[in-house]
Amino acid sequence: MATPAKPYKDTLNLPVTRFEMKANLAAREPALQQRWQSERLYDQIRQARSGQPRRVLHDGPPYANGDIHMGHLLNKVLKDLVVRYLTMRGYDSPYVPGWDCHGLPIEHKVVKDLGPRAAALDPAQIRDLCRADALRWVDIQRAQFQRLGILGDWDRPYLTLQPRYEAAILDVLADLVAGGYVFRQLKPIHWCPHDRTALAEAELEYRDQSTPSIYVNFPILNGTPAAWGDGPWHAMIWTTTPWTLPANVAIAVHPELVYLGIRYTDPDSGSPVQTILAADLVPKVLALRGITQFEELGRCTGAELEHAQYRHVFLDRASPIVLADYVTVADGTGLVHTAPGHGAEDYRTGQKYGLPTLSPVDESGRFSDEAPDWLRGQQVWQANPAIVARLRELGWLFHDTRFDHSYPHCWRCKKPVLFRATAQWFIGVDRDDLRGRTRKIIDDSVRWLPAWGRSRIGGMIDNRPDWCISRQRHWGVPIPVLYDDRTGEPHLTPASVRFHRDLFAREGADAWYTRPVDQLVPPDLDPSTHPIEHLRKGTDILDVWFESGSSHRAVLAGPDGLGFPAFLYLEGSDQHRGWFQSSILTAVATTGLAPFETVLTHGFVVDDKGEKMSKSVGNALSAVQATEQYGADVLRLYVASMDYADDVRMSERGIKESSEAYRKIRNTFRFLLGNLADYADFDPAAVHPASLHPVDRWALGLLNSVIREATDAFERFEFYRAYQRIYHFCSVELSSIYLDVLKDRLYAELPHGPDRRAAQFALARIHEALARLLAPILPHTCEEVWGFLPDQPARPSSVHLALWPEPDPAFDNPELANRFARLLELRERIFVALETLRKDKAIGSNQEAAVAIRLTPPAAAALQPDLELLTTLCIVSEITLTADPAAAEPIISATRSRHPKCERCWNLRPSVGLAADHPTLCARCVAVLRALEASPQTDPAASLSRPARPSTTPGSTPA
RNA sequence: GGGCGCAUAGCUCAGUCGGCUAGAGCGCACCCCUGAUAAGGGUGAGGUCCGAAGUUCGAAUCUUCGUGCGCCCA
């Protein structure tokens, strides 16, 4: 290939490598992943780390539904960075991925797809369809995670639908029952009277509806401020659901709102009425009846009305006025009719004040026997007029009109739903002071990263209500309760739950649906008092948060577990409310310990404007598509580059920028490899430390600091710090300084000579350390690079079996580092001078320049010994130094060198032309050529193309 | 509406205890090289440190109140 014009080019040691500049990750990564799989890399790593100290990152299970999105990508890549780092640090760090397989979204979708046919299927058949759907998504998501290069036990994941997992859930439940935490209580839920079924929030469709709107005066018995004078006083409420009035047990006011006690004259009867209204609403409410005049008899805050008593408008019942901060003056009267059996907020208030939860409505939406005679059997909607008429007749009705508002309807039959109290199962968070004990463990025994995670989850634990663990669905783990249909009495004991646990372990939770009752009777249920013919199976399943919250039992605990507690849980910050909380509650209640030592959270993926990604807005990036287009390593680098403690901005442009950074790193590796192709020919140990140039020792000292800082960053899970440091090293310290400076030595010196070998020694060490440092972030690229390193007996076959790099104290040299810092500062000033020269077209490359520096005499004396080093660092032909007392600041001037240019090394040297046999070369190049001619074994072409590893780089044939 | 957070250059990040003209890399513009070549090198332009008020000799940094955005709850 040598052109006659440049015969000397063939005598240079130019870079040679088969490591391609073009990454082609879309094709290369899947091939590598295939290789890892067939070589069973994960198992090899497990074996290699067997017996080492364990550090387990316990995977929080994603929901098995839909393609993975950027949030999954962020989460799983962060986990992988941790696991790979721990593994390289020598820990036994298994990673068992999991999936959350039960729950409403899958069941809802399955039922929806079935349409009318769903009604004909029994629960077991629905469950079969749900299982098939969940498993299908597990397979899809598994492939998508693997495509990202996530290292884990993908052949043996944990699934919440596995019998062994379902058994573990009941194991936890049994312990909670034994601990006295589990109880049954009425709670209002959305209920469709047409379909006679419970509905989840996600199954409601809100649409506008016209309802009654009535204002009712409740007679107050006592408790109004004394200054307001004698009664009779009233409290005026507003409601759009008259049918819930039979369940009224309180009237809620806002503690800080101002209320007025007023007297107005009823336009119909002409008699005066004294009632209470929120001050802001008095004129508006009175205007409904055309009343413009009223008398203010007193005012007070809502807080002063607390505990006042009133009498129900048509029942013989006294109830209190209570405080609730959700009361507003947006609508109504500022006094809220409260029926805990018919509303979520009302229920919470009822719990707070110990009020009864009344719900005299049956499953078809008719008033039950608990309702007054005159309502019994009526559909609640149809009873509204009767109730209004009764209020009018009794004189309590202030006003009656209509109101249009958004009201929930059933997704299936499209009819309005109601809130109806039903018996639900709970975990009492105040039983045995579970709340307080959990709070103490949160405060004292868990490390939260970032630290505010503690106050976040702590506040949630402090304020959370009892945990309702029952759901009226089919796709989940049944609460194994047997009811006596004569009394409704439930049987749920530690022994009974453990009996069903063992059954589920053998047959899965399906047994509950497929086996007849007589095969489900636990040994502690006495058939003489509870005859089998009177037993019926409970139809509730467990809250899926209870399932995933039991993963510490299913995956960590026990002889086959990964180890309890886990070293780390790592999820999005929404899990303070979700998985972290359900996990710590169940773990504290059953073991007294937190299931994790450290909890690390990340923010959410948002778009380039910082707003959340959503399909409907159209700003969501596809994780699957991005991986295909740019490659997993590019996206992994992107994730590693950002501080994930806060929200993480991701955009197409960001990925492109990450892609650029990737190319820079890849090219740095490529240059290193290109200059190490013949490195296998000699023993690095044979390179004498004294042969290293100062710049080599400087670079190796820098490498030490890179290793230390990256290690420190990984230890703190601050991957972006490691990224910034490593990237800066590649881009600035290597590419633009060290490697640039090294080119003359690498290309022009004798191939096996000490100067070139010294450089290669440094490059090899840098290369190896970089490959390891970047292996967690760029597992594919580093594995590829690893295959190009010269073979050594001690090196593992995969970089992922290798250990994390260690700094070599022999290269720590602060004095040298300081010297270089000063020289590099001077170098920058020189470059500014060269730039002027270049603009003037006086020079092209730095090699053509001659630099003159004037310094004060002491400064000049200090620089003198490093003058040659500075010349090398600047890649100029010569630098002259003059002492000048006037040069307070360095005075730098540059010209084109007057020496001729060496045709081989392109330096401008006075020695060019001195040798008669090589009239266009400098003395150094002449000497190198003569040495090459004298030593027959050094054929640079053959040497440079020798493959580093025969297996991956088949030898090229010397020309 | 409440709880927990975040806000420094177009992007990703530094900025110690309150103390120099607020830094780096990328990107961008311009230039060089053509022996890392769909590479490589250089120079340069980019900042209302989210806003306002306060504390202080001095605030990106501390305090308060806002604004925007996120998660969770209502």
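Helix 23 (residues 779-786) is largely enclosed by the rest of the structure, because eight of its eight residues are buried (under 20% relative accessible area, with a 1.4 Å probe and protein chains only). Helices here are DSSP runs of H or I with at least four residues, numbered from the N terminus. The buried residues are Pro 779, His 780, Thr 781, Cys 782, Glu 783, Glu 784, Val 785 and Trp 786. Their cover includes helix 1 (25-38), helix 3 (70-88), helix 18 (632-640), helix 19 and helix 22 (754-774), where contact means heavy atoms within 4.5 Å.

The model is predicted, with local features needing pLDDT of at least 70 and side-chain atom pairs pLDDT 80 or more, while totals for chains, interfaces and linings use all residues. Residues are numbered from 1 along each chain as its sequence is written, chains are lettered from A and ligands numbered from 1 in the order in which they are written, and side-chain values use heavy atoms, without hydrogens and water.

Of the RNA strand B atoms within 4 Å of the protein, 82% belong to sugar or phosphate and the rest to bases.

Polar contacts (pairs of N or O atoms within 3.5 Å) include one from the side chain of Lys 664 to a phosphate oxygen of RNA strand B, at 3.2 Å. Helix 21 gives the most to the surface near RNA strand B, with twelve residues.

How values were computed:
A residue is near a molecule or strand if one of its heavy atoms lies within 4 Å of it. A polar contact is a pair of N or O atoms within 3.5 Å; within protein, one must be able to donate a hydrogen and the other to accept it, and residues adjacent in sequence count only if both atoms are side-chain atoms. Helices (H or I, at least four residues) and strands (E, at least two) are DSSP runs, numbered from the N terminus. Buried means under 20% relative accessible area, exposed over 50%, partly exposed in between (1.4 Å probe, protein chains only).
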